[in-house]
Amino acid sequence: SGINFDNYDDIPVEVSGEGTPDPINQFTSPPINELLLENIELSLFNKPTPVQKYSIPIVGSGRDLMACAQTGSGKTGGFLFPVLSSLFENGPSPVANEGNVFARRKAYPSALVLAPTRELAIQNFEEARKYAYRSWVRVCVVYGGSDINSQLRNLERGCDLIVATPGRLNDMLERGRVSLKNIRFLVLDEADRMLDMGFEPQIRHIVDGCDMPCAKDRQTLMFSATFPKEIQVMARDFLDNYIFLSVGKVGS
Ligand code: ADP
Ligand code: MG
């Protein structure tokens with residue numbers, strides 16, 4: 001399963017967009033924050049996969065990204081490494097309280113990762129928690145088909161990076177228990193699968209909601225194994241002056 005990481009350099013890569021930064025060949029600081037580098041070392045990864053080589057400097061330079069790469073190519077690190085690196089470097093967002101007494105029960109994450117299934121949400125959560133080790137970033141996960149109250153209690157303790165399935169996140173938003181006004185990074189993981197599963201209205205509801213900063217005020221990253229028409233449309237709608245990255249053979 002997955003790709004053979006020894007044949008790294010044989011994999012065709014397509015990058016397009018103005019001012020695309022050069023790829024990195026090693027996990028080196030900069031552009032990666034020192035604490036994050038230590039956490040990556042603990043995971044025993046010794047060099048970035050092709051998608052990570054490109055995504056780390058692209059996201060590190062502040063750009064939006066549409067990345068297509070097959071399953072098993074290391075897309076999780078492709079978004080978690082640059083997002084966590086930036087959060088570590090820049091520190092917490094100013095505390096928002098919206099001037100109401102219930103605000104302290106509300107979570108104000110700086111980063112949101114949307115994933116199609118409970119399993120993928122949990123995977124992303126566990127990876128994020130591993131790389132956020134010893135940092136200020138508190139990681140939370142919310143997904144459907146599971147007791148909402150225990151997830152709410154976790155959110156109440158504070159949440160800086162939230163991994164969520166779209167339906168459950170909308171539920172939390174409607175209950176006023178999560179605010180997206182501090183979001184600096186929005187990640188759509190497995191965007192094609194989310195659309196296949198019928199989540200497009202839910203995703204649009206989250207992204208177009210009154211809480212989410214506009215495309216210019218957040219960094220948005222879309223990751224997908226394929227690049228069909230519907231994903232191209234979503235990329236056009238959600239991303240701002242983005243870089244397109246395609247690694248290996250990508251279906252449409
Ligand atoms: P994708 O999301 O593209 O399907 P994952 O992020 O789940 O891929 O990664 C696939 C596998 O590759 C995982 O087991 C992960 O631990 C491993 N992996 C990711 N990045 C690296 C790396 N830089 N070096 C070695 N293994 C890696
Ligand atoms: Mg993945």
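Modeller: In this predicted model, a nitrogen atom of ligand 1 is 2.9 Å from an N or O atom in the side chain of Gln 52, where a polar contact is a pair of N or O atoms within 3.5 Å (within protein, one must be able to donate a hydrogen and the other to accept it, and residues adjacent in sequence count only if both atoms are side-chain atoms).

Colleague: And which atom of Gly 72 is 2.6 Å from an oxygen atom of ligand 1?

Modeller: That is a polar backbone atom of Gly 72, and a backbone N or O atom of Gly 74 lies 3.1 Å from an oxygen atom of ligand 1.

Colleague: How much of ligand 1 does the protein cover?

Modeller: On its own ligand 1 has 560 Å² of accessible area, and the protein covers 71% of that, with areas from the Shrake-Rupley method and a 1.4 Å probe.

Colleague: What kinds of residues make up the shell around ligand 1?

Modeller: The shell divides into four nonpolar, eight polar and two charged residues, with Gly counted as polar. Of these 14 residues, Lys 47, Gln 52, Gly 72, Lys 75 and Thr 76 come nearest, and a residue is near if one of its heavy atoms lies within 4 Å.

Colleague: Before we move on, what are the ground rules for the numbers?

Modeller: Residues are numbered from 1 along each chain as its sequence is written, while chains are lettered from A and ligands numbered from 1 in the order in which they are written. Local features need pLDDT of at least 70, side-chain atom pairs count only at pLDDT 80 or more, totals for chains, interfaces and linings use all residues, and side-chain values use heavy atoms, with hydrogens and water left out.

Colleague: New topic: how many aromatic pairs are there?

Modeller: The count comes to four aromatic pairs, for which ring centres of Phe, Tyr or Trp (its six-membered ring) must lie within 6.5 Å, and planes under 30 degrees apart count as stacked, over 60 as edge-to-face and the rest as tilted. Among them, Phe 27 and Phe 81 are edge-to-face, at 5.6 Å centre to centre and 85° between the planes.

Colleague: What does that pair tie together?

Modeller: Phe 27 lies in the loop between β1 (13-16) and α1 (34-42) and Phe 81 in helix α3 (residues 75-90), so the pair ties together parts that are 54 residues apart in sequence. Helices (H or I, at least four residues) and strands (E, at least two) are DSSP runs, numbered from the N terminus.
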